[in-house]
Amino acid sequence: MLPILLLTDYRDYTLVLTINMFFGKYSREWSLILASLILSSIPIVVIFAVFQRWIIQGITDGAVKG
């Protein structure tokens, strides 16, 4: 709720607020919602693919008691 109150221009909306705009009172634009969710998940997948070795190493190092 806070970003809606602070951001007045549509160009400054966060990703969550932009996806939320596709939900109407009586209709939902499922094609736009799913497309935006897929496009927003691409950077996360790329970052995980690049840093996968270090992420897995950090998880396993933290799981072992010394």
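Visitor: In which helix is Ile55 found?
Guide: This is a predicted model. Ile55 is found in helix H4.

Visitor: Is Ile55 buried, exposed or partly exposed?
Guide: Buried means under 20% relative accessible area, and exposed means over 50%. Ile55 has 33% relative accessibility, so Ile55 counts as partly exposed.

Visitor: Which residues form the nonpolar patch on the surface, and what is their accessible area together?
Guide: Ile55 is one of them. Others include Ile38, Leu39, Ile42, Phe48, Phe51 and Trp54. Val46, Ile47, Val50, Ile56 and Ile59 also belong to the patch. Together the patch residues have an accessible area of about 1,200 Å².

Visitor: What span is expected for H3 at 1.5 Å a residue?
Guide: H3 has 21 residues. The expected span is 1.5 Å times one less than that number of residues. From first C-alpha to last, H3 reaches 31 Å. That is close to the expected 30 Å.

Visitor: Where in H3 does the kink lie?
Guide: Look for the proline Pro43. The kink comes shortly before Pro43 and is about 25°. Ile42 is also one of the patch residues. The kink lies at Ile42.

Visitor: Which residues of H3 are buried?
Guide: Buried residues have under 20% relative accessible area. What covers those of H3 includes helix H2 (15-20). The buried residues of H3 are Ile33, Ser36 and Ser40.

Visitor: Why does Leu34 count as partly exposed?
Guide: Leu34 is found in helix H3. Leu34 is partly exposed because its relative accessibility is 47%.

Visitor: What separates the C-alpha atoms of Leu34 and Ile19?
Guide: Leu34 is in helix H3. Along the chain, Leu34 and Ile19 are 15 residues apart. Their C-alpha atoms are separated by 9.1 Å.

Visitor: How many helices are in the chain?
Guide: From the N terminus on, the elements run α-α-α-α. There are 0 strands. The number of helices is 4.

Visitor: What percentage of the accessible surface of the chain belongs to carbon and sulfur atoms?
Guide: Buried residues make up 9% of the 66 residues. The accessible surface of the chain comes to about 6,000 Å². The carbon and sulfur part is 69%.

Definitions and conventions
Residues numbered from 1 in each chain as written. Predicted model: local features only at pLDDT ≥ 70, side-chain atom pairs only at ≥ 80, totals over all residues. Heavy atoms only, no water. Patch = residues over 30% accessible without salt bridge, like charges linked within 9 Å, V, L, I, M, F, W, Y side chains within 5 Å. Areas by Shrake-Rupley, 256 points an atom, 1.4 Å probe, with all protein chains shown as cover. Salt bridge = Lys/Arg side-chain N within 4 Å of Asp/Glu carboxyl O. Helix = DSSP H or I, 4+ residues; strand = E, 2+ residues; numbered from the N terminus. Buried < 20%, exposed > 50% of the residue type's maximum accessible area, 1.4 Å probe, protein only. Bend = angle between axes of the 7 residues up to and from the residue. Contact = heavy atoms within 4.5 Å.
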